[in-house]
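Take a look at the model below. Keep the sequence beside it as you read.

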Amino acid sequence: MVMTTFFLGIGVGLCILVFFVLYRVVFGPGIFNRVAAISAIGTKTLVILLIIGYLYDRIDMFVDISMVYALLNFIGTLAVAKYLEMEGERK
Amino acid sequence: MIHVSDDIIIRTLARILVPFIQLYALYVIMHGHYSPGGGFQGGVILGASMVLLLITHGYGETKVRFSERGAVIFSSIGLLIYSGIGTLCLVFFGNFLDYGKLSTLLQVVPAHARSLGILGVELGVGFAVMAVMFSIFFDISTSGELPVDE
């Protein structure tokens, strides 16, 4: 019971923190702040997914989902970096 | 977008990571009826592994393993598996994709036939989604023109 309340608090706290990072995504100066912030949101979402899995007692299934999320987050960041590199060459 | 990355860390990481991503995608497809996932999700992960290879190693090296031609063939094969299993159920006097009727063909109880039928359909969906994901990324990043070989 204590652990459930603890993880619930952590999860809600992380959800609030996501909005602070979202501010950087929307208003952040420069494209690199935005890319870093999007990556940070992905990492936070991963932890939130695992906490939801613990709260619903289905951690074995949510581990699968969070692994896919981490993977696509990595590939997405790589694609954005490659795109920026290409834009730099064109100028 | 699909030129060879000149960073050795990225290239080595992708080379090590791609087989594990594909193994995980096969796990997601195979366990689609026990856990979250299924044909579409597993196909997307398979496609993501191909996109990772294309981003890091360029078209010249990816072409050996999976080309545009392969994408066309694989999406057709996936659609054929899906609609073929569906039509096979029609042949045995059931509805479209009514897997229970396949029990006479597979010589198993209807419940097991349903499990096998869903697995087959998910394999087809996975193939088609993988090929179409690869094709969409390829077409967007090259705007329809084949790059010169490197």
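Predicted model: local features only at pLDDT ≥ 70, side-chain atom pairs only at ≥ 80, totals over all residues.

Residues are numbered from 1 along each chain as its sequence is written, while chains are lettered from A and ligands numbered from 1 in the order in which they are written.

**Confidence in chain A**

pLDDT is the predictor's confidence in each residue, from 0 to 100. Chain A averages 88. In chain A, 96% of the residues score at least 70.

**Chain B**

Chain B has five helices and zero strands. Helices (H or I, at least four residues) and strands (E, at least two) are DSSP runs, numbered from the N terminus. Along the principal axes, the C-alpha atoms of chain B fill a box of roughly 55 × 30 × 20 Å. Chain B has 150 residues, and 35% of them count as buried. A residue is buried if 20 or more other C-beta atoms lie within 10 Å of its own, exposed if 12 or fewer, and partly exposed in between, with C-beta atoms placed from the backbone.

**A helix pair**

How do helix 3 and helix 5 of chain B cross, and at roughly what angle? Helix 3 (residues 68-91) and helix 5 (residues 110-142) of chain B have axes that come within 8 Å and cross at roughly 155°. Axes are lines fitted to C-alpha atoms, for helices over the stretch in contact, and angles run from 0 to 180 degrees between N-to-C directions. Helix 3 and helix 5 of chain B are therefore roughly antiparallel (an angle over 145 degrees). Their contact divides into 17 nonpolar residues, six polar and one charged. Ala, Val, Leu, Ile, Met, Phe, Trp, Tyr, Cys and Pro count as nonpolar, Asp, Glu, Lys and Arg as charged, and the others, Gly among them, as polar.

**A loop residue**

B:Val108 sits in the loop between helix 4 (103-106) and helix 5 of chain B. B:Val108 is partly exposed, with 14 other C-beta atoms within 10 Å.

**Where the chains meet**

12 residues of chain A are in contact with 10 residues of chain B. Contact means that the C-beta atoms of two residues, placed from the backbone, lie within 7 Å. The chain A side has 10 nonpolar residues, no polar and two charged.

Notes:
Parallel < 35°, antiparallel > 145°, perpendicular 65-115°, else oblique.
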